[in-house]
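Please look at the model first.

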Amino acid sequence: MIEQAQALGADAIVCVRYSSASVTQGAAEIMAYGTAVKFR
């Protein structure tokens, strides 16, 4: 997420959220997302 925000020229990432779900026994899917912002 940080690398993608830096590639966009963002200064920060706000409102970061995490989500997880069980895919199969012993495996899980984890997602993190947020909003990249640029200060003026």
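V16 has its place in strand 1, which covers residues 12–24. The model discussed here is predicted. Y18 is found in strand 1 too.

Both residues belong to a nonpolar surface patch: M1, V16 and Y18 together make an area of about 330 Å².

| Residue | Relative accessible area | Class |
|---|---|---|
| V16 | 36% | partly exposed |
| Y18 | 66% | exposed |

The classes follow from the cut-offs: a residue counts as exposed over 50% and as buried under 20%, with partly exposed in between. V16 is therefore partly exposed, because its relative accessibility is 36%. Y18, at 66%, is therefore classed as exposed.

In a regular strand, side chains alternate between the two faces of the sheet.

Which residues does Y18 contact, if its neighbours within four places in sequence are left aside? The contacts of Y18 are then with M31 and A32. A7 is eleven residues away from Y18 in sequence, and the C-alpha to C-alpha distance between them is 21 Å.

The partner of strand 1 is strand 2, residues 27–37; the pairing is antiparallel and runs over ten bridges. Within this pairing, V14 stands opposite T35 of strand 2. Strand 1 and strand 2 form a hairpin with two residues between the strands. In this hairpin, G26 has a positive phi near 85°.

Terms used: Residues are numbered from 1 along each chain as its sequence is written. This is a predicted model: local features need pLDDT of at least 70, side-chain atom pairs count only at pLDDT 80 or more; totals for chains, interfaces and linings use all residues. Side-chain values use heavy atoms; hydrogens and water are left out. Patches are made of residues with over 30% relative accessible area and no salt bridge: like charges are joined within 9 Å, nonpolar side chains (Val, Leu, Ile, Met, Phe, Trp, Tyr) within 5 Å. Accessible areas come from the Shrake-Rupley method with a 1.4 Å probe; for residues, only the protein chains shown count as cover. A salt bridge is a side-chain nitrogen of Lys or Arg within 4 Å of a carboxyl oxygen of Asp or Glu. Helices (H or I, at least four residues) and strands (E, at least two) are DSSP runs, numbered from the N terminus. Buried means under 20% relative accessible area, exposed over 50%, partly exposed in between (1.4 Å probe, protein chains only). Contact means heavy atoms within 4.5 Å. Two strands pair if DSSP finds at least two bridges between them.
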